[in-house]
Amino acid sequence: MAMLEINNLDKSFGKRKAVDDLSFSVREGEVFGLLGPNGAGKSTTLSLISGLQRPNKGRVTVGGINVGEDSLRAKALIGVVPQEPAIYPQLSARANLRFWGELNGLSKKELASAVERALTIVGLTDRADERCSKLSGGMKRRLNIAAGLIHSPKLLIMDEPTVGVDPQSRHHILETVKELKAQGTTIIYTSHYVEEVEQLCDRVAIMDHGKLLSIGTLPELLGQAGEYQELIITLRTTPESILPVIQALPWVQNAVVTNDVLAILTANAELALPQVFQTIVENELELAEIKINKPSLESLFLKLTGRTLRD
Ligand SMILES: Nc1ncnc2c1ncn2[C@@H]1O[C@H](COP(=O)(O)OP(=O)(O)O)[C@@H](O)[C@H]1O
Ligand SMILES: [Mg+2]
């Protein structure tokens, strides 16, 4: 059964279309990745799903309930973890979670066990009685996740939960997603980090400029990336003029430059590399690092858009 279905969703802010005729569905129990660069329309899509914003057009159904028609019943099924933590810094983690639990209609009886369960899942039990202002940024993010799952939602929506967090909390957050999946929660995991999406997600939708570019399981999407590899070349300085020269080389499918990092999409790294080297030498540029990446969601995005997901 589809846990979430969205059909022909449109959302504009003034003349800007943030979400443009978007349709996809998420199956019960899967971790579904929403991958796209900053400004792609991911957060807007999530707020249309959770009923925080209304679409200009289209329909969202969660667990068979139309969010536009019966938003209260739909919202009871959804947990939201927004990008910005919504936490009272003066209160403890436990008190924050109690507050969120009450807000979500949990009874006194349900509340205590729900709070402990949420604390355990995100690994904050031993810090639960300290003021939140004393927690690290990553711990606040984890508390934010606990708040989103306090009422045991069927569908948990996470908006870039690992941006700007320390490696330990990041690891915790990824483990939390796996744990929740094992417990049967359906999860929408939004990110612009390819590695996370590749590690966690059963299926992935790639979006850009409000539109769906591609959707499928990881093997399906990597199949679309084809045999393409990505050459990542870091230079000491990168003059703008180098890009058209690189793009015109044989075996170079596409190339972009961001902050002295040249990303080149190629069907054959062995044949492209000598040509790229020669160009670098001829232009008297200094090389800092070279990496060859296997086909990935990153190289698929580059193939589809001519741009990289990285900022
Ligand atoms: N409340 C808003 N008012 C005006 N423009 C907005 C608003 N929210 C988002 N946008 C615009 O919509 C586009 C998509 O934004 P967003 O959904 O936040 O993308 P993402 O989460 O993928 O980074 C961007 O161009 C953004 O500037
Ligand atoms: Mg966003």
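## Helices, a ligand and a glutamate

Start with helix 3, where Ala93, Arg94, Leu97, Arg98, Gly101 and Glu102 meet Leu111, Ala114, Val115, Ala118 and Leu119 of helix 4. "Meet" here is about contact: two residues touch in this sense if their C-beta atoms, placed from the backbone, lie within 7 Å. Sorted by class, this contact has seven nonpolar, one polar and three charged residues. (Ala, Val, Leu, Ile, Met, Phe, Trp, Tyr, Cys and Pro count as nonpolar, Asp, Glu, Lys and Arg as charged, and the others, Gly among them, as polar.)

Before going on, note that this is a predicted model: local features need pLDDT of at least 70, side-chain atom pairs count only at pLDDT 80 or more, and totals for chains, interfaces and linings use all residues. Residues are numbered from 1 along each chain as its sequence is written, while chains are lettered from A and ligands numbered from 1 in the order in which they are written. Helices (H or I, at least four residues) and strands (E, at least two) are DSSP runs, numbered from the N terminus.

Now for the angles. Two packed helices are described by the angle between their axes and the distance between the axes. Helix 3 (residues 93–103) and helix 4 (residues 108–122) have axes that come within 9 Å and cross at roughly 125°. That makes helix 3 oblique to helix 4; angles under 35 degrees count as roughly parallel, over 145 as roughly antiparallel, 65 to 115 as roughly perpendicular and the rest as oblique.

Next, look at helix 5 (residues 137–148) and helix 6 (residues 167–182), whose axes come within 9 Å and cross at roughly 15°. Helix 5 is therefore roughly parallel to helix 6. On the helix 5 side the contact uses Gly138, Met139, Arg141, Arg142 and Ile145, and on the helix 6 side Gln168, Ser169, His172, Ile173 and Thr176. That contact splits into three nonpolar, five polar and two charged residues.

What surrounds ligand 1? Its shell includes Phe13, Arg16, Gly41, Lys42, Ser43 and Thr44, each with its C-beta atom, placed from the backbone, within 6 Å of the ligand. Helix 1 gives the most to this shell, with three residues.

Finally, find glutamate 28 in the loop between strand 2 (16–27) and strand 3 (31–35). Leaving aside its neighbours within four places in sequence, glutamate 28 is in contact with Met1, Met3 and Thr186. Glutamate 28 and threonine 186 are 158 residues apart in sequence, yet 5.7 Å apart in space, C-alpha to C-alpha.

Key:
Axes are lines fitted to C-alpha atoms, for helices over the stretch in contact, and angles run from 0 to 180 degrees between N-to-C directions.
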